[in-house]
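Student: I have a new structure to read. Could you walk me through it, one feature at a time?

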Amino acid sequence: MPDDRHDEGSRRLPFSDGADDDLFVWDGLRPPSRPAGPPSRRAPEEPRRSRVPDESRPPWDDGAPPPRRRDTYAAAGAEGAARPRRAAPSRGADDEWSDWLDPGEGAQGGAPAAGDGPGGPFGPDALGHAPEDRRPRRRRLSAGAVLAAMLIGFFVAGLLDAKVIETQVKGKPLGTARSVQLALLKPMVVLSGALRLDRPAEALSAMLGRGEAAHHSIAEVTDEVKPRWPRQITRKDKLRLYIIGDSMAQVFGSSLKNLAEETHLIKAKLDYKVSSGLSRPDFFDWPQRMIDQIVELDPDATAVLFGANDGQDVMYKGKVLKVGSKAWQVVYAQRVGKAMDTLTKGGRRAYWVGNPIMRDADYRERISMMDHIYEAEAKKHPGVFYIPTWALFANDKGSYSEYLPDESGDPVLMRAPDGIHLTRVGGDRMAQATLDVIEKDWGIPQQP
Amino acid sequence: MLFPTITFAVFFLVVYAANWLLMPRLRLWKWFIIAASYVFYGWWDWRFVLLLVAATFVNQALGVQIARARGRRGGGRAARRWLALSVVADLAALGYFKYMDFFAGSLDHLLSSVGLGAPLPLLRILLPVGISFLVFRVLTYTIDIYRGQLAPASTLDFGVYVAFFPYLLAGPIARARDFLPQLRAPRDPHSIDAGRAFMLILGGLAKKMLIADYLSTHIVNGVFASPQSFSSWETLWGIAAYSVQIYCDFSAYSDIAIGVSLLLGFELPENFNAPYTARSIQDFWRRWHITLSSWLRDYLYIPLGGSRKGRGRTYVNLIVTFLLAGLWHGAGWTFVFWGGVHGVGLALERARADARQARGLREPGATAGARMLQRLAVFVFVSVAWVFFRADSIGGAFAVLWRLVAGLGSIGSAVTWPVVGLVVLGIGIQYVPRGLVERLEGGLSRIGWAGQGAVLALALFLIATLGPQGAAEFLYFKF
């Protein structure tokens with residue numbers, strides 16, 4: 001390897017007492033006296049580099065000075081190149097990274113550099129690179145050939161996964177973008193089906209147990225045999241709490257689970273699905289999921305947090321209902337009511353948690369509308385409690401605020417940067433309000 | 001725009017085709033790649049693009065001033081002033097967007113605790129994704145000009161360097177002096193290293209979609225959200241799974257970025273080199289996020305004095321560097337604590353080596369068993385530190401660690417065979433010899449475009465079918 005670095009002298013003195021006056025690095029950011037280097041003879045081809053720039057020299061062992069690479073950019077005559085003050089000896093292009101690769105004195109300090117070789121545990125040629133002449137040759141392709149490879153790859157993978165992609169697109173909000181994407185996908189789906197290229201994905205999904213699972217029916221949700229509520233909750237006979245919702249329930253739900261289980265009288269199960277809600281059962285069928293889980297888990301009560309994704313158009317009997325329209329509100333209220341019926345069957349209790357105030361005005365309006373629907377439906381359904389949280393996350397002027405005072409009056413961050421989701425502290429606040437209602441309802445002594 | 005999405009695939013096909021069509025007209029190509037990169041970045045929020053524009057013009061102007069001052073006799077002081085202005089401007093932007101509320105909140109809390117109220121307003125500023133990477137990247141430009149290692153580029157070239165979309169969001173932190181030379185002449189359209197590029201992209205997608213996302217949803221999120229619900233056994237695997245998750249997530253982004261760049265004709269530095277095979281913390285940092293650790297070394301640790309000012313100062317420099325490295329990762333005390341743990345670990349390692357050196361002792365040759373124990377010890381150390389990196393608060397981190405002893409007695413159900421298998425796989429792939437990977441890359445490159453298309457189709461199909469539906473964000477975006 002060529003070793004004609006102009007800073008070679010300084011490299012021999014890694015532990016000297018800063019006597020190397022060429023190294024600005026030991027003296028704040030004093031510029032080096034040496035200039036940028038001369039033009040590279042190999043321009044315009046940039047130097048070949050090691051793929052692992054720092055094999056031997058530990059980053060924290062500054063036995064060697066920082067890399068002093070010549071400015072090949074300036075050397076090529078680029079605009080604005082600085083005038084070199086003094087010519088420096090030429091360096092071969094191959095040693096562009098050689099400052100890093102040289103096993104310098106820096107390896108003295110600290111823990112063993114790389115143990116059994118710069119490449120790793122099996123020696124330099126095992127995890128490290130093979131010597132240049134023994135490295136497998138790679139054939140290079142032209143841009144057109146690579147484009148052809150990518151087009152083949154994407155097209156065939158698209159055919160194999162056409163149905164999966166179609167399912168994902170169907171879950172997007174109703175609208176022009178979704179319609180266009182579905183229209184574009186249609187020929188792929190048809191072709192995939194005709195060529196039976198959708199079979200491998202189905203077989204793979206079935207192998208992984210992702211196929212369509214058998215569902216339970218509402219008839220299987222048993223009626224009350226012995227009084228479920230009220231009853232004495234003890235450590236042996238815990239309250240089984242099922243927590244469901246969308247992405248909002250991720251933080252809120254885990255906070256509620258944590259707080260509830262700290263009582264040692266409640267056993268909680270969190271079940272949330274990002275981007276879901278009650279507007280789009282074609283994306284995620286929560287009504288069916290509720291039935292399945294109630295049959296399988298037999299919870300005593302359910303805490304519910306929906307709405308964040310429900311402010312979108314819904315498909316009802318083949319018609320698209322615009323979000324916020326009268327018809328939309330009627331249909332959405334029916335769905336909420338039906339969910340409440342399911343959750344309270346068999347004497348179960350449901351705690352429907354309202355959404356907090358949101359940052360963006362339009363979105364806030366929709367959320368407020370849905371909160372009103374939840375509250376109204378809860379009043380119609382015995383065993384359902386509506387827990388408003390809007391005001392819990394509003395400031396003293398009733399407006400949205402990222403930061404709100406905690407119990408001691410210090411401002412703490414309650415909301416995520418998106419103006420929708422909660423931070424952990426925010427989740428705890430919402431969960432505590434919910435738990436207070438649950439404890440009161442079941443006669444569980446409140447925690448101090 | 002996320003890499004593992006159909007949106008990006010379509011975007012990339014269009015950009016790829018235009019990239020090579022326009023490449024012969026280099027100036028036009030530069031305008032095009034800047035526009036494409038702005039679209040990529042503005043996909044989140046168009047306002048972010050303003051940051052790129054500002055970073056380009058401010059740093060370019062200052063870089064030119066630094067070079068002019070350096071070119072004048074006796075212009076060293078002026079150059080230093082311009083450099084200081086550039087460092088202050090870039091760090092101020094980072095401080096404003098990323099740390100303003102953190103510092104104001106911490107100060108408020110401190111003042112409040114001594115009865116002085118909370119006088120500072122908290123603004124909750126929109127954090128542009130990848131701003132930490134952006135700032136560190138542009139700093140290499142002005143600092144290297146000051147150091148005489150680089151001449152100012154044209155504004156157009158620097159605009160490409162600032163915005164080049166493959167590394168824009170989460171690195172690797174390509175230095176200006178490595179990237180700008182590649183803009184000198186059109187890239188060769190007949191010499192694309194597609195074998196390596198496809199291996200990197202497909203490997204990255206597999207790491208992200210099949211390992212990181214699975215572990216995240218099946219054990220890690222639960223263990224960190226509700227530690228008291230998990231047994232010691234589950235917590236142990238949850239912590240190990242997070243170590244694997246963060247590696248598979250972050251290295252995947254780097255690999256995809258490098259692969260995508262290769263397809264466009266550009267080389268980026270490698271960012272990971274089997275970090276969990278490290279036998280010392282120092283070795284770990286030579287293998288983990290290499291472009292950041294070398295950045296910190298060259299632009300922070302060494303200017304602080306490095307190891308040139310005595311042993312005590314060396315240890316202090318290590319700790320200070322890593323405290324700041326922690327802060328770079330996020331505006332929170334958990335990140336500072338994480339950095340501190342690594343800094344202290346490095347300092348202790350260094351002190352031990354210094355003590356041995358002072359007594360004239362050499363490092364004993366390690367047996368195979370001892371080497372494995374060293375690797376295990378480093379993995380345990382790094383994993384415990386990751387707990388602080390992942391947790392919502394320092395208290396939350398200790399709650400997780402406490403479960404390691406408080407959750408004895410039951411096994412729980414979270415540690416499934418797929419979880420165990422993927423943790424083992426995530427560590428095991430780091431022990432795959434490089435030579436084998438290079439042979440695979442070579443083999444893939446030799447089967448021609450039709451064969452590569454077939455491999456691409458099969459791999460994409462498997463990743464899409466076996467992976468979770470919908471792509472999760474890469475962890476390092478928030479930094």
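Student: What should I know before starting?

Tutor: This is a predicted model, where local features need pLDDT of at least 70, side-chain atom pairs count only at pLDDT 80 or more, and totals for chains, interfaces and linings use all residues. Residues are numbered from 1 along each chain as its sequence is written, while chains are lettered from A and ligands numbered from 1 in the order in which they are written.

Student: How many helices and strands are there in chain A?

Tutor: Helices (H or I, at least four residues) and strands (E, at least two) are DSSP runs, numbered from the N terminus. Chain A has twelve helices and nine strands.

Student: What share of chain A is buried?

Tutor: A residue is buried if 20 or more other C-beta atoms lie within 10 Å of its own, exposed if 12 or fewer, and partly exposed in between; C-beta atoms are placed from the backbone. Of the 448 residues in chain A, 37% are buried.

Student: Is Q446(A) buried or exposed?

Tutor: Q446(A) is exposed, because it has 9 other C-beta atoms within 10 Å. Q446(A) sits in the segment after α12 (424-442) of chain A.

Student: Which residues does Q446(A) contact, leaving aside its neighbours within four places in sequence?

Tutor: Two residues are in contact if their C-beta atoms, placed from the backbone, lie within 7 Å. With those neighbours left aside, Q446(A) contacts D436(A) and E439(A). The C-alpha atoms of Q446(A) and D436(A) are 7.1 Å apart, and the two are ten residues apart along the chain.

Student: How does V189(A) count?

Tutor: V189(A) counts as partly exposed, because it has 17 C-beta neighbours inside 10 Å. V189(A) belongs to helix α6 (residues 176-194) of chain A. Not counting residues up to four places away in sequence, V189(A) touches A162(A), K163(A) and E166(A).

Student: Now the nonpolar cores. How many residues has the largest one?

Tutor: A nonpolar core is a set of buried Ala, Val, Leu, Ile, Met, Phe, Trp, Tyr and Cys residues joined through C-beta atoms within 7 Å. The largest has 152 residues. Those with the most contacts inside it include V146(A), I66(B) and A241(B). Apart from it lies another core, of 55 residues, with L239(A) and W352(A) among them.

Student: Which residues does A241(B) contact, leaving aside its neighbours within four places in sequence?

Tutor: Leaving those aside, its contacts are L215(B), I219(B), V220(B), V419(B) and V423(B).

Student: Which residues of α16(B) are buried?

Tutor: In α16(B), the buried ones are V419(B), L422(B), V423(B) and G426(B). Seen down the axis, they fall within an arc of 100 degrees, so they line one face of the helix. That arc is taken from the directions from the helix axis to the C-beta atoms. On the other side of α16(B), W417(B), V424(B) and G428(B) are exposed. The cover over the buried residues of α16(B) includes α8 (194-225) and α9 (232-264) of chain B.

Student: What domains does chain B have?

Tutor: Domain bounds come from an automatic or database domain assignment. For chain B it gives domain 1 (6-183) and domain 2 (194-279 + 366-474). Their C-alpha centres lie 29 Å apart. Eleven residues of domain 1 of chain B are in contact with 14 residues of domain 2 of chain B. On the domain 1 side, the largest share, three residues, comes from helix α1 (residues 6-22) of chain B.
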